[in-house]
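Hi there,

Here is the structure I promised to pass on to you. Have a look at it first, and then read my notes below.

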Amino acid sequence: MTFKLQLADDNSVAQPVLTMPAKDIHKYGRGHAVVMSGPALKTGASRLAARAALAVGAGLVTLIGDRAALEEQAAHVTAIMLKEFDPVSESLDGRVKAVAIGPGAGVTPETQQHVLKMLQAHVPVVLDADAITVFSESSQLLFKHLDQNDVMTPHHGEFSRLFPDFADDEPLAAACAAARRAGCVVVLKGPNTIIAAPCGKWAINRHSSPWLATAGSGDILTGLICGLLAQGVPSFDAAAIGAWLHGDIGIRAGPGLTADAMPDYIPLVLRGCLQED
């Protein structure tokens, strides 16, 4: 599949265009995404991200982590692959095209080590939740390893821990300043989500719903962006398209929406974007 970002004249994210994949495409041609599992008893957030990455079109998705976590994951997933993996001592499979880390990871020295290892793998990395917060006291260490292909997805609280001097600024100015400092794409989540690139490019996603204010919703956004990156969508475009798709899920689902149900709406959302021959 091919996703094309569309922006309105005011830089609002518009409905993206999705085109059909080639008839001879195979799963690796659609991209391999990896999601770092949280530890045992905290695996749910990473599982939500992995499900979203698969549903948005990545050809295959692997949850990596320690054996105890994967035994728990195995009770819940079928199409998503599992691989016992130590990010400190091992390298990613060369066919991996994108990585997501942070949901349910824990604010621990191990998480910080894992983030830095993933950032050295030379593939786009999506950082969320604990992968952001764990660098609250060492932000420059993180920024040194980020580049323009990586994406950070903080809500306001996480943003303020990493960028305390921008936390009270107007959101657009804050996100743009943060992207320049960090050297990566910053997605400042909120009712109107700001997407900012280190080059100065920005967009606002207003296509959203208050029904998305539910636990685990942000993990779905992380997975959407990771799945898009795995398919070769550039980082700024993947972040903006992911934000729009995430918002469309909330609009279509409406009241009663939970994060568990969100992946089931992704095919419907994609169908609405599909431009068939």
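Predicted model: local features only at pLDDT ≥ 70, side-chain atom pairs only at ≥ 80, totals over all residues.

Strand E2 (residues 13–19) and strand E12 run parallel and are joined by two bridges.

**How the helices meet**

The two helices also pack on each other. Two packed helices are described by the angle between their axes and the distance between the axes. For H9 and H10 (residues 262–273), the angle is about 105° and the axes are 9 Å apart. That angle falls in the range of 65 to 115 degrees, so H9 is roughly perpendicular to H10.

If you want to display this contact, the H9 side includes Trp244, Leu245 and Ile249, and the H10 side includes Tyr265, Ile266 and Leu268. The residues of this contact of H9 with H10 divide into 11 nonpolar, two polar and two charged.

Aspartate 248 sits in H9, which spans residues 235–253. Is this aspartate buried or exposed? Aspartate 248 has a relative accessibility of 6%, and the cut-off for buried is under 20%, so this residue counts as buried. Leaving aside residues up to four places away in sequence, aspartate 248 touches His207 and Val269. Val269 is one of the H10 residues in the contact with H9, and Asp248 is among those on the H9 side.

**The protein as a whole**

Stepping back, the secondary structure comes to 10 helices and 12 strands. The radius of gyration is 17 Å, close to the 19 Å that the globule rule gives for 277 residues, so the protein is as compact as a globular protein of that length. Along the principal axes, the C-alpha atoms fill a box of roughly 50 × 45 × 35 Å. Of the 277 residues, 54% count as buried. Among contacts with a separation of 6 or more, 65% come from residues 24 or more positions apart.

Enjoy exploring it!

Best wishes

How values were computed: Residues numbered from 1 in each chain as written. Heavy atoms only, no water. Helix = DSSP H or I, 4+ residues; strand = E, 2+ residues; numbered from the N terminus. Buried < 20%, exposed > 50% of the residue type's maximum accessible area, 1.4 Å probe, protein only. Contact = heavy atoms within 4.5 Å. Axes fitted to C-alpha atoms, helices over the stretch in contact; angles between N-to-C directions. Parallel < 35°, antiparallel > 145°, perpendicular 65-115°, else oblique. Nonpolar A, V, L, I, M, F, W, Y, C, P; charged D, E, K, R; others polar. Pairing = 2+ DSSP bridges. Rg over C-alpha atoms; globule rule 2.2 N^0.38 Å.
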